Amino acid sequence: MKKRFFVSLPATVLIFIIHFFTDVPYKGYLLFLLASVVQFYGGLDFYRSALKGLKNRIADMNLLVVLGTTSAFLYSTTVLFAPQLLPPEMRHLYFEGSSAVITFVLLGRYLESQARTKASDFMKQLISLKPSTATVVVDGKTVKVPADSIVKGDMIIVKTGEKIPADGTVVEGEAEVDQSMITGEFMPVLKKKGDTVIGGTVVKDGFLKIRAEKTGKDTFLSQLIKMITETQEKKPPVGRLADRIVAVFVPAVMVISILVFDIWYLLDKPDIAFISAVSVLIIACPCALGIATPVAVVSAVGRGAKEGILIKEPSALETISQIDVAVFDKTGTLTEGKPCVKEKIIFNETLLLYAKPVLEMSTHPLSQAVAGEIPHSEKTVEKFVSVSGRGIKAVVDGKEVAVGSLDFLKSVGYKIEESTDRTHVAVGVDGTLTAVFILEDSLKKEAKQVVQFFKSGGLKTVVLSGDKRYSVESICRELGIDVCMHSLMPEEKLEFIKDLQKEGKKVAFIGDGINDAPAMSQADVGIAVTGAQDITKEAGDIVLLKEDIKLVPVAFRLSEKAFSVIKQNLFWAYIYNIMGIPVAGGMLYPIFGILLKPVFAGIAMSLSSVMVVLNSLRLHYTSLEE
């Protein structure tokens, strides 16, 4: 498609230059040669598709392209090589018309097909999440082996910074595991003996000995790949309005052209019969119908890029206006995806200063968030010990400091009466509880405005998150979300979307993580927000390119206006043809003596295309504000 377009485009430009602006020797023959390249190389796929359609008794856009361009091409060829067959007033060339139609329609097909060429790259990125090697225990010794060679029952060693190569069960050790790619949780999860782990997740801190339970195509990651592939394949193609129109329009034009010829021939007007029949075919040439969608899409994509929005899938322009439910991921979409201190209870500010250098030495995201809340102090740290998934201990200028959960402080000898289910960090110094910090994922400042946009439009709002109940419900209450679901795995998010669709709902999914990709692929419209990992961007129909979630409403408004322009274009092109065909057929000749010759039919056809282009360009200037 790309090669055919980029050969046809310069050839068509040359045809127009030679036709309108130059007077060179062998002008007609040069036009014929260039037009032949466009007609039979650029338009080859249209001929193939039209023939297949005819075999299946389907009259689609391809047949209309072939019908109109071939008529103009053959008519022009007759004028060039056998002018004696036609009266002088009928000797006009239409090579520029046939070539322009093919080139414009090729552009539209090329743009629409681009979004579908990403599948192989998409799968490569998913597969790259799998580690290539693994450390396996063999006869009491550790051996590096290809990850693909692991079988059920193998004992695997995974250390800090390494990916877990297979789904399995922890048999020894403790470690914090980053499962954000699966659940969307921004916090690492403590894994200990008896816990299950998922292949592809990363050990952030600690050591695990794992017994492999699922390998190869049975692993969670492999099932995730399969799930996304299936949802993409099941996604129905958007019905092309132009094709639905021409399914009736094409046979009608053919019948009208034949009837026009027969009527004038029976009236003993063979010259008028031929002129009128050809004029009907030329004025019905689908230039305006053919470019109605692609030119509007090009204009919408250009405006979107200017606003920081990438429209990857043109079908979203049609679907977005039908959305009933807006579904959000939480972490990284409505929230910043990092912990911040929401509340702090300080019992002794002086002793708290001893915790500052200990917190700064830790790489744990909770420790880093709390460290920013304590004033700097020059103190010496000794005997620093990190207990994976629980806390840290150290001696600071002779004082023993413990930082972690309240349960951790209890385990190292502190008498603690307080308790909380909320994410927290407790600080103890020399046996005294010094402070407790409550942390939550911070809400993006634009989130309320975005949710309100959907609610004001009558859409139902839903949050699907892999995060813990308290964190998710807190965000939902603050935003006024209608339905709040927590602790979900990717397949559960996918099933939720499917259930909504079974109820007849059109669903938009807005997310940013790999765990969102299956649900985003299944949704009628998927929007990948800023920071979205590459895999999610491939799954999304629309990608936000700027760090601003307020672009979600802008993307909706742009899509709705673009689809409105497409419908206007199709309506104009269709009505224009309905009005022009009777005139081309000679309706005005008996009354006013007006006969639309082929040359003027070609001009009229071009004018309809100009109107379509001008209407599409409005998208560059239309307001996208509320």
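Modeller: Lys-498 and Glu-495 sit three residues apart in helix H19, so about one helical turn separates them. Helices here are DSSP runs of H or I with at least four residues, strands are runs of E with at least two, and both are numbered from the N terminus. The two side chains form a salt bridge, with their closest N and O atoms 3.9 Å apart. The term requires a side-chain nitrogen of Lys or Arg within 4 Å of a carboxyl oxygen of Asp or Glu. Glu-495 is partly exposed, at 38% relative accessible area. Buried means under 20%, exposed over 50%, and partly exposed in between, using a 1.4 Å probe and protein chains only.

A word on the source. This is a predicted model, in which local features need pLDDT of at least 70 and side-chain atom pairs count only at pLDDT 80 or more, while totals for chains, interfaces and linings use all residues. Residues are numbered from 1 along each chain as its sequence is written, and side-chain values use heavy atoms, with hydrogens and water left out.

Helix H19 also takes part in a link to another part of the chain. Lys-493 and Asp-516 meet in a salt bridge at 2.9 Å, N to O. Lys-493 belongs to helix H19 (residues 490-502) and Asp-516 to the loop between strand S18 (507-511) and helix H20 (517-522), so the pair ties together parts 23 residues apart in sequence. Both Lys-493 and Asp-516 are buried.

In total, the structure holds 17 salt bridges. One of them joins Asp-441 to Lys-330, at 3.4 Å from N to O. Asp-441 is in strand S15 (residues 432-443) and Lys-330 in the loop between strand S9 (325-328) and strand S10 (335-346), so this pair ties together parts 111 residues apart in sequence. Asp-441 and Lys-330 are both buried.

Arg-4 belongs to a salt-bridge network with Asp-45 and Arg-48. Arg-4 also lies over the face of Tyr-41, 4.9 Å from the ring centre. Lys-399 does likewise: its charged end sits over the ring of Tyr-354, 5.5 Å from the centre. For this, NZ of Lys or CZ of Arg must be within 6 Å of the ring centre and within 35 degrees of the ring normal.

Now the rings. A search of the whole structure gives 16 aromatic pairs. Rings of Phe, Tyr and Trp (its six-membered ring) pair if their centres lie within 6.5 Å; planes under 30 degrees apart are stacked, over 60 edge-to-face, and the rest tilted. Phe-40 and Phe-73 have ring centres 5.2 Å apart and planes at 90°, so they are edge-to-face. Phe-40 is in helix H2 and Phe-73 in helix H4 (residues 61-81), 33 residues apart. Phe-40 is partly exposed at 44% relative accessibility. Phe-73 is buried, at 4%. Phe-73 also pairs with Phe-95: the centres are 5.6 Å apart and the planes at 65°, so this pair is edge-to-face too. Phe-95 is in helix H5 (residues 95-114), 22 residues from Phe-73, and is buried at 1%.

Tyr-26 has a positive phi of about 60° although it is not a glycine. Tyr-26 lies in the loop between helix H1 (2-21) and helix H2 (27-42), and is exposed, at 64% relative accessible area.

Last, the packing. The largest nonpolar core has 48 residues, and those with the most contacts inside it are Phe-328, Phe-454, Leu-544, Val-552 and Phe-556. Helix H22 (residues 551-584) gives the most to this core, with 11 residues. Such a core is a set of buried Ala, Val, Leu, Ile, Met, Phe, Trp, Tyr and Cys residues joined through side-chain atoms within 4.5 Å. Beyond its neighbours within four places in sequence, Val-552 is in contact (heavy atoms within 4.5 Å) with Val-450, Phe-454, Ile-510, Ile-527 and Leu-544. A second, separate core has 26 residues, including Leu-67, Tyr-94, Ala-273 and Ile-581.
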